[in-house]
Amino acid sequence: MNALALRSLRHRPLAATATFLAVLLGTVLIGSFATLAESSSAARGTDADTLVILGAVVGGWGSMIVLFSVASTVGVTTHQRSGEIGLLRTVGATPRQARRLVVRETAAVTTVAAVLGALVASLTGHALFDMVRSGGLVSDATVYDAGPASVGAAALLVLLVAALATWVAARRATRGPAGVLLREAAAEQGRMRWWRVLAAVVLIGYGIAMAVITVAVTAHDDDPYAAMSTSGSSSILVGVGLAVLAPVLLRLLAAPAGLLVGRTGASGHLASYNTARRAHLLAGVLAPVLVLTSAAVGTLLLVDIDARTLPAGNPDSDTITLLNNVVVGMLSLFAAIMVVNAFVAAIAHRRDELQRLRLIGATPRQVERSVVAEAAIVAAIGVVLGTLAALTTVVPFAIARHEGAVPDGGLWLVPAVVAGVVALTLGAARTSVRAQSRARVVGR
Amino acid sequence: MTTPTHGASALAVHGLTRTYGSGDTTITALAGIDLDFRRGSFTAVMGPSGSGKSTFLSCAAGLDRPTAGRVLVGGEDVTDWDEDRRTRLRRERIGFVFQGFHLLPYLSAAQNVALPARLAGHRPDRAKVRHLLERVGLGDRTHHLPGSMSGGQQQRVAIARALVTEPEVVLADEPTGALDSATARQILGLLRSSVTEMGQTVVMVTHDPVAASYADEVVFLVDGRVAGRMTHPTADAVAGQMAHLDDLVVAR
């Protein structure tokens, strides 16, 4: 079984790369912040608190996005193999055997990536610590003191989440009689399991509750950062919650969003039906687009309001601004890679179908344009929902800092983030479809 | 079928040759074949695996470039056309029916049939699409997605799609290869009636003597050459000929 798993891996370098990258970067990101938390045990007084806040709180938000991305990448790549799993079942593999093949194959990739990620994290963790110290957030007396425990724990956490996601996806792919699985999953609409809906409701509800608490309670607190601690994570919570519902949202919103790209041309026509009727494929792209927008808009505006409204000379202000910017920077990088990752995976899966379009007479340009139009629909839905999710952080915090529901400044950040996210999504789509649509058409 | 006037020829190949590789390892898939398919004819192209059937179809459709020889569609030499013109050729003047149906999974039956027109930048003729779907017996399934249809129904949608542009020629590549025999007979009946009732031209590559018996004429390919022909074929006669193809080659 192990030999088969390894051989099968070699035939699937692209999907394996997507999983590998997600796990590697996820481990680096979570691991780096975990070293700060570990270093806190050797620090004293406020330094220890600062390091714990940095490592646990800030790292904690990030972990949520990272773990979600890892789970969704692994889920998508496993789901794409339903046909092959059906084939294995037909030639006599039991559901257990087929499941084990998928789980071991993913485990091989994720283990290598997590170990490598842990090694990199011990370096980047040190660099992050130096940055924190040179920024004056902790005193020079405090030193980096993290061993393998923190990065190891981060790697283990990512591995566990990846394994769980693989197992869930593999279970879904191996359920039912073998013959049914072999059929093209064309009519599939990406139904939601009850626990997914529940998770989304809990995340969104929690995010909104924190927003309400900010306005009702912490806005009146003497500590100016009480409001930030309650409202700061709302945009990420609601963003991830909406991302969990991505297949349903895409199916519902693809039709109105399709009007934007126009349904009259052949490419727009194809794109609007593909996004609506095969929402489960492109949901993997919508999720990181949405989270990227909500996290970036929410946190950047939060930092901007904070810098504008706090009395000058507050020593905490610089620290928190720097921290928030580091988080936004790292998460944006991560989410950007996830968007590209998700697109490459989705296009690789559609090679046959794009060939089919060429066979019945679509030009390479038409194929490219239809995929870019799909990306435009996904990006439009993603930035609108992401901005809405960001409101749960921005509005309560602006009220808490006496700016009213609309912040007094920094609104230009919204179109800037939106433009960046849209450009990234369209660019990822264009690059990944190019290689395929230009290939020579072959019969059959 | 020999040397008809241009106006009567839907598809013709002259000295069609296709080789792969070079030097000692050259493989000859087609060794100079001459065929002419009259308008309104139904021809089956048969031969064992590796006889060049699929290569012939690929070259005729402009999917593959011949090493030598000419391809004429509706009397027009399309051999040296660039990729864009070939794409337009496939879209507007050739209809395809594949073994694997090749429908777009996210488009309904009617949308799949209308797709060639859309790709060509025309507004699809809804009445015509509906008429064709009714003709292939799917008038009540126009809004169904391929995933909710049987193999036979999907292939009938593919036939409607191939006919919608009123192409010079419909090229069918093992159209019944993935279907059971009862469903296969329906599909072959549809192809037959498109020739008899609508005046279409159909060229069908197949392994199956029963499928070939629906055609007006069978062309046998062996080792990239035309090894024989049979008019008014019956399944038994074709099967008998297939069993003795080697004799045909020796007799040449």
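Which residue of E2(B) does Thr19(B) stand opposite? Thr19(B) stands opposite Thr28(B).

First, the conventions. This is a predicted model, in which local features need pLDDT of at least 70 and side-chain atom pairs count only at pLDDT 80 or more, while totals for chains, interfaces and linings use all residues. Residues are numbered from 1 along each chain as its sequence is written, and chains are lettered from A and ligands numbered from 1 in the order in which they are written.

Let me turn to the sheet of chain B. Helices (H or I, at least four residues) and strands (E, at least two) are DSSP runs, numbered from the N terminus. Strand E1, residues 9-20 of chain B, pairs with strand E2, residues 27-38 of chain B, in the antiparallel sense over 9 bridges; two strands pair if DSSP finds at least two bridges between them. E1(B) and E2(B) form a hairpin with 6 residues between them. In the turn, Gly21(B) has a positive phi of about 75 degrees.

E1(B) also pairs with strand E4, residues 68-73 of chain B, in the antiparallel sense over 5 bridges. Here Ala12(B) has Leu72(B) in E4(B) as its bridge partner. The open sheet has 4 strands in the order E2-E1-E4-E5 (chain B), with antiparallel pairing. E2 and strand E5 (76-77) of chain B stand at the edges with a single partner strand each, so one side of each is left without a neighbour in the sheet. Helix H1(B) packs on this sheet, touching E1, E2 and E4 of chain B. The direction of H1(B) makes about 120 degrees with that of E1(B). As a general point, side chains in a regular strand alternate between the two faces of the sheet.

I now move to the helices of chain B. Axes are lines fitted to C-alpha atoms, for helices over the stretch in contact, and angles run from 0 to 180 degrees between N-to-C directions. Helix H3 (residues 109-119) of chain B packs with helix H5 (residues 151-163) of chain B at an angle of about 30 degrees, with their axes 8 Å apart. That makes H3(B) roughly parallel to H5(B); angles under 35 degrees count as roughly parallel, over 145 as roughly antiparallel, 65 to 115 as roughly perpendicular and the rest as oblique. H3(B) passes H5(B) in a right-handed crossing (left-handed if the near helix is turned anticlockwise from the far one by less than a right angle, right-handed if clockwise).

Which residues of H3(B) and H5(B) meet? From H3(B) come Ala109(B), Asn112(B), Val113(B), Leu115(B) and Pro116(B), and from H5(B) come Val157(B), Ala160(B) and Arg161(B). Residues are in contact if their C-beta atoms, placed from the backbone, lie within 7 Å. This contact of H3(B) with H5(B) divides into 6 nonpolar, 1 polar and 1 charged residues. In these classes, Ala, Val, Leu, Ile, Met, Phe, Trp, Tyr, Cys and Pro count as nonpolar, Asp, Glu, Lys and Arg as charged, and the others, Gly among them, as polar.

H3(B) has a further partner in helix H4 (residues 126-135) of chain B: their axes come within 10 Å and cross at roughly 120 degrees. That makes H3(B) oblique to H4(B), and the crossing is right-handed. Ala109(B), Ala110(B), Val113(B) and Ala114(B) of H3(B) make the contact with Val129(B), Leu132(B) and Leu133(B) of H4(B). By class, the contact of H3(B) with H4(B) has 7 nonpolar, no polar and no charged residues.

Next, the interface between the chains. In chain B, 28 residues are in contact with 21 residues of chain A. Helix H1 (53-60), helix H2 (83-92) and H3 of chain B each give two or more residues to the side that touches chain A. H3(B) gives the most, with 5 residues. That side of chain B has 13 nonpolar, 10 polar and 5 charged residues.

Finally, chain A. Its domain assignment gives domain 1 (1-187) and domain 2 (190-444), with bounds from an automatic or database domain assignment. In chain A, 23 residues of domain 1 are in contact with 24 residues of domain 2. On the side of domain 1 that touches domain 2, helix H2 (13-39) and helix H3 (45-79) of chain A give two or more residues. H3(A) supplies the largest share, 13 residues. That side of domain 1 has 16 nonpolar, 7 polar and no charged residues.

How values were computed. Two residues are in contact if their C-beta atoms, placed from the backbone, lie within 7 Å.
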